[in-house]
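Thanks for coming, everyone. Let me put the structure up, and then we will walk through it piece by piece.

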Amino acid sequence: MDSVQTALNSANQQPQALAGEIRIGITDTIAAYLMPNVLQAMDQRFPALSMILFENNQQGLEKALLAETIDFALMLTSNYKLSSAIRVTPLLHSKRKLWLSPHHPLQKKEIISLADITEQDYLLLDMEGHVATADMFWGQYQLTPNIKLQTKSIEAVRSMIALGLGVSILSDFSYRPWSLEGNRIIRRDISEQIPDLEVGAAWVADKALSPQVKETIDFIKNMVDPPSSL
């Protein structure tokens, strides 16, 4: 919220004369958790700039980049192995934690390990490379979760967690403290090292970025990961 407010405060300053049209590819996670605030801030800061959004999966966005039907894409770059023809600049890193109900038995433990989690019903989110990522960090510690549900619906996972029907390891990027039904969800650190989720901007490596695109990427980066004032 501090990052969003910083961007909005900046957006309320004198609008800049960046104009034209930018075509941005996004995945559904980016559409839900990043773009509303980005669009609001960009519209205030650059009112003469038109941003056209195209939502697709990672493979579709790569094809669109190579076909030059979009100027750049925003995606969960840590979850995919992208083509060598695609260049990525990181925008933010988001820590993965255990999501659970405040009344879940694991909440009583001072330290929670992956082995502790294997004893619980696990809810596996099956979207945007999450399954491959989960297989990687579970396999690293030679553990297997007790999967109760594998679903493409993050709201289903959120609701079941809040009702105490399972737990999941997800990133702070998509965390919200309440389910759609108004039940509470909390987060706990895990004792093992779990890789962060990374959001990045991707474009064709051998193509120079236009000033509009470069400034847009810089603006988004400063919005989601503002430089420290210390």
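First, a term. Helices (H or I, at least four residues) and strands (E, at least two) are DSSP runs, numbered from the N terminus. With that in hand, look at the end of helix 6. It is followed by Gln 142, whose phi is positive, near 55°. We will come back to that residue.

Now, what are we looking at? This is a predicted model, so local features need pLDDT of at least 70 and side-chain atom pairs count only at pLDDT 80 or more, while totals for chains, interfaces and linings use all residues. Residues are numbered from 1 along each chain as its sequence is written, and side-chain values use heavy atoms, with hydrogens and water left out.

The overall picture next. The chain has 8 helices and 10 strands. Its radius of gyration is 19 Å, close to the 17 Å that the globule rule gives for 230 residues, so the chain is as compact as a globular protein of that length. The radius is taken over C-alpha atoms, and the rule is 2.2 Å times the number of residues to the power 0.38. Along the principal axes, the C-alpha atoms fill a box of roughly 55 × 35 × 35 Å.

How much of the chain is buried? Of the 230 residues, 47%. Buried means under 20% relative accessible area, exposed means over 50%, and partly exposed is in between (1.4 Å probe, protein chains only).

Contacts next. Contact means heavy atoms within 4.5 Å. Take the contacts with a separation of 6 or more: residues 24 or more positions apart account for 79% of them.

The surface, briefly. The chain exposes about 11700 Å², and carbon and sulfur atoms supply 50% of that. These areas come from the Shrake-Rupley method with a 1.4 Å probe; for residues, only the protein chains shown count as cover.

Back to helix 6, residues 130-140. Which of its residues are buried? His 130, Val 131, Thr 133, Ala 134, Phe 137 and Trp 138. They cover an arc of only 160° around the axis, which puts them on the same side of helix 6. The arc is that of the directions from the helix axis to the C-beta atoms. An α-helix has 3.6 residues a turn, so residues three or four places apart point the same way.

What does that buried side pack against? The partners include strand 5 (96-100), helix 5 (114-118) and strand 6 (121-125). Strand 7 (146-151), strand 8 (168-171) and strand 10 (197-204) are also among them.

Helix 3, residues 35-45, is a second case. Its buried residues are Met 35, Val 38, Ala 41, Met 42 and Arg 45. They cover an arc of only 135° around the axis, which puts them on the same side of helix 3.

Now the loops. Leu 106 sits in the loop between strand 5 and helix 5. Is Leu 106 buried or exposed? Buried, with a relative accessible area of 4%. Setting aside residues up to four places away in sequence, Leu 106 touches Leu 98, Leu 100, Ile 112, Asp 116, Ile 117, Gln 120 and Arg 188. Take Gln 120: Leu 106 is 14 residues from it in sequence and 8.8 Å from it in space, C-alpha to C-alpha.

Ser 174 is in the loop between strand 8 and strand 9 (186-188). At 6% relative accessibility, Ser 174 counts as buried. Beyond its neighbours within four places in sequence, Ser 174 is in contact with Tyr 33, Trp 99, Ile 154 and Arg 158.

As promised, Gln 142. It lies in the loop between helix 6 and strand 7. At 74% relative accessibility, Gln 142 counts as exposed. Glu 68 also has a positive phi in a residue other than glycine, near 60°. Glu 68 is found in the loop between helix 4 (58-66) and strand 3 (72-75). Its relative accessibility is 44%, which counts as partly exposed.

Ala 31 lies in helix 2, residues 28-33. Ala 31 is partly exposed, at 23% relative accessible area. Outside the four places on either side in sequence, Ala 31 touches Ile 26, Pro 36 and Glu 55. Lys 214 lies in helix 8, residues 211-224. At 48% relative accessibility, Lys 214 counts as partly exposed.
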